[in-house]
Amino acid sequence: MTDADLAAHLAETAGRLLLEVRASGLFSAKALGKAGDQTANQFLVHALREQRAEDGLLSEEMACDGARLQHSRVWIVDPVDGTREYGEARADWAVHVGLAIDGVPTIGAVALPGHDDGIVLRTDQPRAIPPAPEKLRMVVSRTRPAPQAVAVAEALGAELVPMGSAGAKAMAVILGQADIYLHAGGQYEWDSCAPAAVALAHGLHASRIDGSPLIYNQEDTYMPDLLICRKEQAARALGMIAAVSGKNQAFQEI
């Protein structure tokens, strides 16, 4: 099984497991997220250790002992990206399985199990991205869109599209549901590794909000900001971000 096949198979299978856990009806809304996270994490961790024993591994739901830092190839996974949305039986949550090679998000799959057709977007099977509409659309947090996001959207003349998880937002650009995903309120490597790999494989722009590259498998896994958009919009978006945020102003969650 190739790395891309493995990533897609793991993401899709973990998504099915999560749907089964939720459909069991055995958990309260509060307990469901934890049960789903732990179930999917156990599957992903054991499967990767079996299939890619020589590679490093980083998961949101697993304590990190630092061993991954000695590896060139590191799998970075988020068993449930959007635990709240998962628990609420919404569609905007995801499973992330990414592979960073020498820090570069290279291989990955993002499953969207909540969608009717159980979409899995992967790096080795890029889709044709629908053309952008005349009025751009920016995905933002559905519960707390930050004032800065509104300011950038206004500067770009973009429509705000509320949505749940990071993976769902990033994949919305590929699926033609949005054109820009801007985040600057604090994330970790598992939030963006697989989505960034998939976005790049589809010919999109993916970077930090200052335009610098996304670099993974760092000792500090905190990665506070991210921009995913169509390439033709990247320069304009980065310029507007700089103009709105100012040289020393820190963004909050977008």
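Begin with the open sheet of five strands, ordered β1-β2-β3-β4-β5 with mixed pairing; strands pair if DSSP finds at least two bridges between them. Helices (H or I, at least four residues) and strands (E, at least two) are DSSP runs numbered from the N terminus. The model is predicted: local features need pLDDT of at least 70 and side-chain atom pairs count only at pLDDT 80 or more, while totals for chains, interfaces and linings use all residues. Residues are numbered from 1 along each chain as its sequence is written, and side-chain values use heavy atoms, leaving out hydrogens and water.

Select 104–112, strand β4, which pairs with β5 in the antiparallel sense over four bridges. Within this pairing, Val110 has Leu121 of β5 as its bridge partner.

Next, show helix α2 (residues 29–51), which lies across β1, β2 (73–81) and β3 (94–101) and runs at about 160° to β2. Contact here means heavy atoms within 4.5 Å; axes are lines fitted to C-alpha atoms, for helices over the stretch in contact, with angles from 0 to 180 degrees between N-to-C directions. Then select 189–201: this is helix α6, lying across β1, β2, β3, β4 and β5 at about 95° to β4.

Finally, return to α2 and β1, each of which supplies at least two residues of the lining of the second largest pocket. This lining divides into eight nonpolar residues (Ala, Val, Leu, Ile, Met, Phe, Trp, Tyr, Cys and Pro), five charged (Asp, Glu, Lys and Arg) and three polar (the others, Gly among them).
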